[in-house]
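The sequence and the model come first.

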Amino acid sequence: LELSGSVTAVGITVALQFLPSLLLGPWGGMIADRFAKRKILILCQGMAAVLAAALAALALSGAIEVWHVYLIALVLGLVTVLDQPARQVFVNELVGPNYLRNAISVNSTTFQLGGLIGPALAGWMLTAVGAGWAFAGNAVACCSTVAMLLLLRKDQLFVSEPAPKSKGMLREGLRYALGKPTIYWPWLMAGFIAVFAMSLPVVLAAFADHVFNAGAAGYGLLNALVALGALAGAVASTRRRRLRLRSVVFCAGMYGVMLCLAALAPSMPVFGAVMVLSGFWCLMFLTGSNQLVQVSSNMGIRGRVMSLYIMVLIGGQAIGGPMLGWVAEHADPHVALLVSGGVPALAAVTVALILARKGSLLLRVDLKDRRQPVRIVRRAAA
């Protein structure tokens, strides 16, 4: 944004970073099923460190141009194709199947803690010392990840047997995912969220720059508020006793509703407060859908199943980033945010009605019941 002054350019950067996952995601999952996840992660994080260091060097030398950012974003996207499915499945190798659900939530918590600190620190560094040092810090962080992976006690990992190479492995993963409702429906909702609501940083850039005139520091603050809500959502998800498909759809709908409310916020403080709630419901959906997809698939095929899920979740942003960036720049940031939240909310309502009809479910309201005034019951028991 500083180099070009264009929100559309930010959207193109997002697209280049996530487009490889949209096109090559299933092959990344196949590789995760066939090879050691730890070694894949070491290779990918090492490459990410090199890319961040290159961007830091270009920025610090003053030679940085927009096409440099585009190119590095694209190469990082290719690295992500291998990194993401391996990282998701590696959680199971760290803790084993008994603690998988909680481990996914804890993983999201630590990830969001980084998301809370990172944007705020980067926003301050952008104005204080420049972007180059922020990217240098990114490179150091990637190197620390490589160091931790090398220090792991390999004999205590729950390593699964690699899947043997065979014809039709990708087709097998797709058929498996489409055959299970607890994989298919979260996958579908993730598609709507990814295309319309996961490119929120693009819209936040427009709000910080054009609506609130808050600059890079304000942009970092808004991202930090989203991450703060996401951190609370990740912690809350660890206390979730039961995980059902209906709760995953509900969380997706609530995220969409929060974004619609944010578009109507009259001031930056109100907008920021709604962003905290948006981050909360976003993480409740992401952890819930991730858990449901992982526990619904066996280990031999989980890499391919998760790669399809990630392909939709990350690859959808390759479509949504430029689209929302264009709407924010040429129409209005408020319109972009209404579209961002309205479509997923409508999709959640539609999916909920389909599931209710298939399961013969009804919504029962009993205001006399203080403990559970609203509940879902089967039609025969209603």
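Serine 199 sits in the loop between H7 and H8. In this predicted model, serine 199 has a relative accessibility of 1%, under the 20% limit, and therefore counts as buried. Leaving out residues up to four places away in sequence, serine 199 touches Val14, Ala194, Gln317, Gly320, Gly321 and Leu324.

The buried residues of H8 include Leu200, Val202, Val203 and Leu204. Ala205, Ala206, Phe207 and Ala208 in H8 are buried too. Just after H8, asparagine 213 has a positive phi of about 50°.

**Nonpolar cores**

The largest nonpolar core holds 69 residues, and Phe271, Phe285 and Leu337 touch the most other members. Eight elements are listed as giving two or more residues to this core: H1 (7–34), H7 (181–197), H8 (200–211), H9 (215–238), H10 (245–263), H11 (268–295), H12 (299–330) and H13 (333–358). The most comes from H12, which gives 14 residues. Apart from this core lies another, of 15 residues, with Ala32, Leu41, Ile72 and Val146 among them.

What does leucine 337 contact beyond its neighbours within four places in sequence? The contacts of leucine 337 are Leu200, Val203, Phe207, Leu259, Ala262, Ala263 and Phe271. Of these, Leu200, Val203 and Phe207 are buried residues of H8, and Phe271 is, with Leu337 itself, one of the core members that touch the most others.

**Helix pairs**

Two packed helices are described by the angle between their axes and the distance between the axes. Three pairs are set out below.

| Pair | Axes come within | Crossing angle, roughly |
|---|---|---|
| H11 and H12 | 10 Å | 150° |
| H1 and H12 | 7 Å | 170° |
| H7 and H13 | 8 Å | 165° |

The axes of H11 and H12 cross at roughly 150°. An angle over 145 degrees counts as roughly antiparallel, so H11 is roughly antiparallel to H12. The crossing of H11 and H12 is right-handed. On the H11 side, the contact is made by Leu286, Ser289, Asn290, Val293 and Gln294, which meet Arg302, Val305, Met306, Tyr309 and Leu313 in H12. By class, this contact of H11 with H12 has 6 nonpolar, 3 polar and 1 charged residues.

Asparagine 290 belongs to helix H11. Is asparagine 290 buried or exposed? With a relative accessible area of 8%, which is under 20%, asparagine 290 is buried. Beyond its neighbours within four places in sequence, asparagine 290 is in contact with Gln88, Ile104, Met306 and Tyr309. Met306 and Tyr309 are also among the H12 residues that meet H11.

The axes of H1 and H12 cross at roughly 170°, which makes H1 roughly antiparallel to H12. The contact of H1 with H12 has 17 nonpolar, 13 polar and 4 charged residues.

For H7 and H13 the axes cross at roughly 165°, and this makes H7 roughly antiparallel to H13. The crossing of H7 and H13 is right-handed. From H7, the residues in contact are Trp185, Leu188, Met189, Phe192, Ile193, Phe196 and Ala197. The H13 residues that they meet are Val339, Ser340, Val343, Pro344, Ala347, Ala348, Val351, Ile354, Leu355 and Lys358. By class, the contact of H7 with H13 has 15 nonpolar, 1 polar and 1 charged residues.

**Two tryptophans**

Tryptophan 133 is found in helix H5 (residues 131–151). Its relative accessibility is 49%, between the limits of 20% and 50%, so tryptophan 133 counts as partly exposed. Tryptophan 133 and leucine 55 are 78 residues apart along the chain, and their C-alpha atoms are separated by 9.8 Å.

Tryptophan 67 lies in helix H3 (residues 66–95). With a relative accessible area of 49%, tryptophan 67 is partly exposed. Between tryptophan 67 and leucine 259 there are 32 Å, C-alpha to C-alpha, at a separation of 192 residues in sequence. Leucine 259 is one of the contacts of leucine 337.

Methods
Residues are numbered from 1 along each chain as its sequence is written. This is a predicted model: local features need pLDDT of at least 70, side-chain atom pairs count only at pLDDT 80 or more; totals for chains, interfaces and linings use all residues. Side-chain values use heavy atoms; hydrogens and water are left out. A nonpolar core is a set of buried Ala, Val, Leu, Ile, Met, Phe, Trp, Tyr and Cys residues joined through side-chain atoms within 4.5 Å. Buried means under 20% relative accessible area, exposed over 50%, partly exposed in between (1.4 Å probe, protein chains only). Helices (H or I, at least four residues) and strands (E, at least two) are DSSP runs, numbered from the N terminus. Contact means heavy atoms within 4.5 Å. Axes are lines fitted to C-alpha atoms, for helices over the stretch in contact, and angles run from 0 to 180 degrees between N-to-C directions. Angles under 35 degrees count as roughly parallel, over 145 as roughly antiparallel, 65 to 115 as roughly perpendicular and the rest as oblique. A crossing is left-handed if the near helix is turned anticlockwise from the far one by less than a right angle, and right-handed if clockwise. Ala, Val, Leu, Ile, Met, Phe, Trp, Tyr, Cys and Pro count as nonpolar, Asp, Glu, Lys and Arg as charged, and the others, Gly among them, as polar.
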